[in-house]
Amino acid sequence: SVYVFTLDFSLFCPPVNVTVGDAVAGTTCMVSPFGDPTVSDLIPVEVQSIDVLELNQNLQIKKQENIAGNFVDGDTFQYTSYASTVDDEIVDPIDLP
């Protein structure tokens with residue numbers, strides 16, 4: 001599957017607009033001042049790096065992708081799941097997300 005994500009900087013953690021179900025087993029959101037404890041406004045203006053971790057059923061990383069860019073509110077990015085890249089190969093079902 002190919003997923004298209006739209007960044008919405010007006011939302012809060014945890015993400016309330018992500019439906020947990022067939023394709024999404026869980027979500028995590030972490031916002032921090034990255035070393036400067038005096039920063040109190042944690043609403044992003046720009047995102048320079050997005051890390052997508054796709055885990056297998058044993059919670060081991062099966063695919064890790066870093067998406068670099070200068071993303072602002074409303075920008076989109078696309079992610080292609082590991083499951084859609086295995087084609088007709090025989091894979092261990094445990095390795096599927």
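Val47 has Phe71, in strand E3, as its bridge partner. This is a predicted model, in which local features need pLDDT of at least 70, side-chain atom pairs count only at pLDDT 80 or more, and totals for chains, interfaces and linings use all residues. Residues are numbered from 1 along each chain as its sequence is written, and side-chain values use heavy atoms, with hydrogens and water left out. The chain contains four strands and zero helices, where strands (E, at least two residues) and helices (H or I, at least four) are DSSP runs numbered from the N terminus.

**Overall architecture**

- Along the sequence, the elements follow the pattern β-β-β-β.
- Of the 97 residues in the chain, 15% are buried (buried means under 20% relative accessible area, exposed over 50%, and partly exposed in between, with a 1.4 Å probe and protein chains only).
- Among contacts with a separation of 6 or more, 50% join residues 24 or more positions apart (a contact means heavy atoms within 4.5 Å).

**Strand pairing**

- E2 and E3 are paired in the antiparallel sense over eight bridges (two strands pair if DSSP finds at least two bridges between them).
- Strand E1, residues 2–6, pairs with E4 in the antiparallel sense over five bridges.
- Within E4, the residue opposite Tyr3 is Tyr79.
- In a regular strand, the side chains alternate between the two faces of the sheet.
- In E4, Phe77 and Tyr79 form the covered face, whereas Thr76, Gln78 and Thr80 form the uncovered one.

**The nonpolar core**

- The largest nonpolar core consists of nine residues, namely Leu7, Phe9, Val47, Ile50, Val52, Ile67, Phe71, Phe77 and Tyr79.
- Strands E2 (47–55), E3 (61–71) and E4 (76–80) are the elements that each give two or more residues to this core, and E2 gives the most, with three.
- A nonpolar core is defined as a set of buried Ala, Val, Leu, Ile, Met, Phe, Trp, Tyr and Cys residues joined through side-chain atoms within 4.5 Å.
- In soluble globular proteins, nonpolar side chains tend to be buried together.
- Beyond its neighbours within four places in sequence, Phe9 contacts Ile43, Pro44, Val45, Glu46, Val47, Phe71, Val72 and Asp73.

- Five residues lie between the strands in the hairpin of E2 and E3.
- Leu59 belongs to the loop between E2 and E3, and its phi is near 65°, a positive value in a residue other than glycine.
- Leu59 is exposed because its relative accessible area is 66%.
- Leu53 lies in strand E2 and is partly exposed, since its relative accessible area is 46%.
- Leu53, Leu55, Leu59 and Ile61 make a nonpolar surface patch of about 390 Å².
- Patches are made of residues with over 30% relative accessible area and no salt bridge, with like charges joined within 9 Å and nonpolar side chains (Val, Leu, Ile, Met, Phe, Trp, Tyr) within 5 Å.

**The salt bridge**

- The structure holds one salt bridge (a side-chain nitrogen of Lys or Arg within 4 Å of a carboxyl oxygen of Asp or Glu).
- The salt bridge joins the side chains of Lys63 and Glu65, with an N to O distance of 3.7 Å.
- Glu65 counts as partly exposed because its relative accessible area is 26%.

- Ala68, in strand E3, is exposed because its relative accessibility is 61%.
- The C-alpha atoms of Ala68 and Val47 are 8.7 Å apart, and the two residues are 21 positions apart in sequence.
- Tyr82 lies in the segment after E4 and counts as buried because its relative accessibility is 14%.
- Tyr82 and Lys63 are 19 residues apart along the chain, and 6.5 Å separates their C-alpha atoms.

Key
Areas by Shrake-Rupley, 256 points an atom, 1.4 Å probe, with all protein chains shown as cover.
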